[in-house]
Every structure is written in C-alpha cells, then in structure tokens.
Amino acid sequence: MPRLVVAAPSSGSGKTTVATGLMAAFAGRGLAVSPHKVGPDYIDPGYHALATGRPGRNLDAYLCGPELVAPLFAHGARGCDLAVVEGVMGLFDGASGQGELASTAHVAKLLRAPVVLVVDASSQARSVAALVHGFASFDPEVRLAGVILNKVGSDRHEAILREALDESGVPVFGALRRGGEVVTPSRHLGLVPVAERGAEAVAAVAAMGEMVRGGCDLDALHAVARGAGPLDCAAWDAAEVVGSLPQPAPSRNRGSAPDPGPRTPDGLKGPDGTDGSDGPRPVVALAGGAAFTFSYAEHSELLAAAGAEVVTFDPLRDEQLPDGTSALVIGGGFPEVYASELSANEPLRKAVGELARSGAPVVAECAGLLYLARSLDGQPMCGVLDTDARMSERLTLGYRDAVAVSDSVLAANGTRVRGHEFHRTVVEPGAGATPAWGVTRPERRVEGFVQGGVHASYLHVHWASVPQAARRIVAQATEVARATEGVTPS
C-alpha cells in the first residue's frame, strides 16, 4: 500500500491543511485515497472524509495498543491506491510521560511509512536547515523523506529556504504561500466539525486541494509513498474479532426489562444477522447530526458484525428514535452549542428517557453524558441521570487509564481500558451511586454512571481495543428485541 505520513515540528504548522489538501489533490487525480489521523481526534477525520469520500479513521497506539495500529490501517486502506496519514502535534510528541508512545513518529515506524514534514517557515530563513536536520537525525528509525514549506513570504524567501535545505540534502516537495491559507473556523475544542459547516466545509476542502495541487510536487510525493515497501500484517476484521469472542455474561445492572426467555447457543446474532431463529437483527440507534459528530468508524462496524442493524438518527431533527430501537449509543460532540435546540425537542428527550428506564442498553460518551443529564447550562435534557452539566473555563484533555468498577452493558467489572477525555464542561455530581470507571492514571478517582442498562461517562474508549463492548451491547439489545417481539404499541 503506497503511504506517507504528514507531520510537523509542532501544532499549528499546517498539518491539517496540507494533509487534507493532499488527500483532495490525489483523489482529484482519480486515486482511491485512504485517510487516517494519528491520535484520538474526531474533527480532522471529518475533513479527510470530505476530501476522499471514505471514512476518516484514527490510528492511536495508546487507545488501541501498538499491535493494532498496522491492522487497523490495513483495514481502512483495503482496496485503495494510496494512504495519507495526518500526524498529531509535533512529530515526536506522544502520550505524556510515555516516551514515543502514540506519537506520529511511533505510528510512522509501526507502519514503516515515510514522513513528510510540514514546516512553518514564516519567521526563518537559513535556520530552517538546522531545524529539519534535527528532526531528520533525532530518530534514525524514522524516515524523513522531505519537507513541505508552509507560509512562505515571497519568491525570494522560497529561494533562500530551498538553498538552505539543498545543502542539508533533504528534498523540498512544495512551498505554500503565506496568506494563501484556507480559513477553517475554530472554537473551544478546535476546528468546527464538517457536519456543522455544510457547503462551507466542502468549499474549504476543495480550496485546500487546489492550494496543494498548485504548490506541491504530487508526482514526487506519490513516488515517495510508493517506496514505503511491504507491511506484513493481516487487516483487522470486525467480523473475525467479534466471532472469536466468548459469550458475554448478562449484566447485573440491566434494570427492569422482562425476561426474554430461551436464548440461542451463543446468545446473540452472528455477522450474517442470524441466531438460529428467523427474528430480525436488533436495532441499535446511533446519535449523529451536528450535535453528535464524535464516533470512531469501527464502532458501528463492530456493532454490525455482532448482529445489530445500526441506524443513525439526528437528535436535533428527529422527534422519535428509529423504529424498533433496542439499544442506543450516543457518542461525543457539541451538545453545549445546541443545548436550546436539543432541549426544545421534547418528544425525543421523552423517548430516550423511556428507553433508558426500560432497561435497554444505553451507552453515552462525553456529549452523550451531557444529553442524558437533567440539564445542560440550565436547559432541560433527558433527565436519565441525576446530574447537571454546564460549560467550564477549564479544558480537560488527555489520555486516561481506567478500570470498570461495576458490571455494565459496556464492560464487565474489572475490565481495564485506555481512554481519552476532551471537554470544557463539568457534571455535578461527576459520578453516580454506581460509577462507571475508576480512573487509575494520571490521577485516581471514580467517574461516570451505571444504572439499569445505562453506561454514561466522559471517557472516550476505542472499541477496537475492547470489542467485547459491542458484543455485550448487541447481546442485551437482542434480549430486549425478543422480549418486545409481538408487542403492539398502545
């Protein structure tokens, strides 16, 4: 698989613009481009998806473990002509206190991929050669194939930069002019997601592609990508992963859902949607739309592989859950931006509350936690949890090590996970009578809520590292679907 990693000396150098522009430019040449993002970021992959027409996928050596990076990459890149991987922060910046773990350099080594360094040249001249030399020599296992100069002031400035780098022996694959940057609006958690910008986002991605097409040597970059060499690993496969898992034990926190009666041998539907009966696949509703844009592509793939019919709905627009909903998954996003609109959709809030109180599986991460609360910034929410949410001045950001401190629809008691927090909100109280997780690193505390079939927490977890989560959700959704089979709504 031809592939390259787009990195930078630091955040703010232009990685997202260049990486997205490269994806759009190569896609414009008729190539099937596979887009990837190092780290837990949900927003950049949305722009990548616009550029390529394929799901943007994350490669996170902390959340998923180094051993899954290459298989997840191969899964996402299956059938493509070229893969472009956007890095995170500076090239060698990884998980705090963990050395190279989860850094762009670490992922590049795991993928055996060449690195193209995007350098903000706006305030330097010949010194650029010293900067690039340092990055090229810091880790001999990282192959720095060349640089793209960003925010170049003039033809004269570009000539000075190229002359300095020519002496260093590092190729220059392009130069992008200062003032030509594509403006992408930001707010409290970074770029505004694609789902909120519509046509503006489409135009921005097209402009990135045009800028990179005009300022970079695409043929040379493609040649570098083709020189990546073989990657010896089997592609990750959701159906294989789910099929190899043991039968999940029923949760002791299911709530008051009726006894579903006899179960099939493995207790849930397989990847083909069958379970030894002629019953339908259980419907797992997945929150989407502008307010809930944070979700890893592998989550819906795992749910489907475990036997679910995954149906996306928009809490800003839809007044009811999808027909036949037996489980609900609400990921991250920006409900604080849409608090009044979410609150105004009273029929859906009522439906979510009724589903949660029935004992059906409801899994909520971060934004989902806020939506299930009594209120968000004073606006009524679903009232499932006895907690209130509000915006905060403090940014909570970073990787977390945690352990499940109770049985739930998502995890058995004692299950260890690695997660990520990213929010400027607080909930008070921050944990229920039965917490979801005991955070063990970087600090020790309990957080989140487990009640009935509900699991709600600030912690984002990548289910590729804990695929049994999807199987547990679908197993319990199957029980709910069977228990309600033949029941006619009043």
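Pro 442 is found in the loop between strand 18 and strand 19 (445–447). Helices (H or I, at least four residues) and strands (E, at least two) are DSSP runs, numbered from the N terminus. Arg 441 and Pro 442 are joined by a cis peptide bond, with omega about 10°. Another cis peptide bond links Glu 428 to Pro 429, with omega about 0°. Pro 429 sits in the loop between strand 17 (416–428) and strand 18 (437–441).

The structure is a predicted model: local features need pLDDT of at least 70, side-chain atom pairs count only at pLDDT 80 or more, and totals for chains, interfaces and linings use all residues. Residues are numbered from 1 along each chain as its sequence is written, and side-chain values use heavy atoms, with hydrogens and water left out.

The secondary structure of the protein comprises 14 helices and 22 strands. The radius of gyration is 24 Å, close to the 23 Å that the globule rule gives for 490 residues, so the protein is as compact as a globular protein of that length. This radius is taken over C-alpha atoms, and the rule is 2.2 Å times the number of residues to the power 0.38. Along the principal axes, the C-alpha atoms fill a box of roughly 75 × 45 × 40 Å. Of the 490 residues, 58% count as buried. Buried means under 20% relative accessible area, exposed means over 50%, and partly exposed lies in between (1.4 Å probe, protein chains only). The protein exposes about 18800 Å², and carbon and sulfur atoms supply 51% of that area. Accessible areas come from the Shrake-Rupley method with a 1.4 Å probe; for residues, only the protein chains shown count as cover. Among contacts (heavy atoms within 4.5 Å) with a separation of 6 or more, 75% come from residues 24 or more positions apart.

Helix 2 (residues 44–52) meets helix 7 (residues 199–215) at an angle of about 70°, with the axes 10 Å apart. Helix 2 is thus roughly perpendicular to helix 7. Tyr 47, Leu 50 and Ala 51 of helix 2 make the contact with Ala 201, Val 202 and Val 205 of helix 7. By class, this contact has six nonpolar, no polar and no charged residues. Ala, Val, Leu, Ile, Met, Phe, Trp, Tyr, Cys and Pro count as nonpolar, Asp, Glu, Lys and Arg as charged, and the others, Gly among them, as polar.

Helix 1 (residues 15–28) packs on helix 7 at about 85°, with the axes 7 Å apart. Helix 1 and helix 7 are therefore roughly perpendicular to each other. Residues of helix 1 in this contact include Thr 16, Leu 22 and Ala 25, and those of helix 7 include Val 205, Met 208 and Arg 213. The contact has eight nonpolar, five polar and one charged residues. Axes are lines fitted to C-alpha atoms, for helices over the stretch in contact, and angles run from 0 to 180 degrees between N-to-C directions. Angles under 35 degrees count as roughly parallel, over 145 as roughly antiparallel, 65 to 115 as roughly perpendicular and the rest as oblique.

Arg 143 lies in the loop between helix 5 (127–138) and strand 6 (144–152). Arg 143 is partly exposed, at 43% relative accessibility. Lys 151 lies in strand 6 and has a positive phi of about 60°, although not a glycine.
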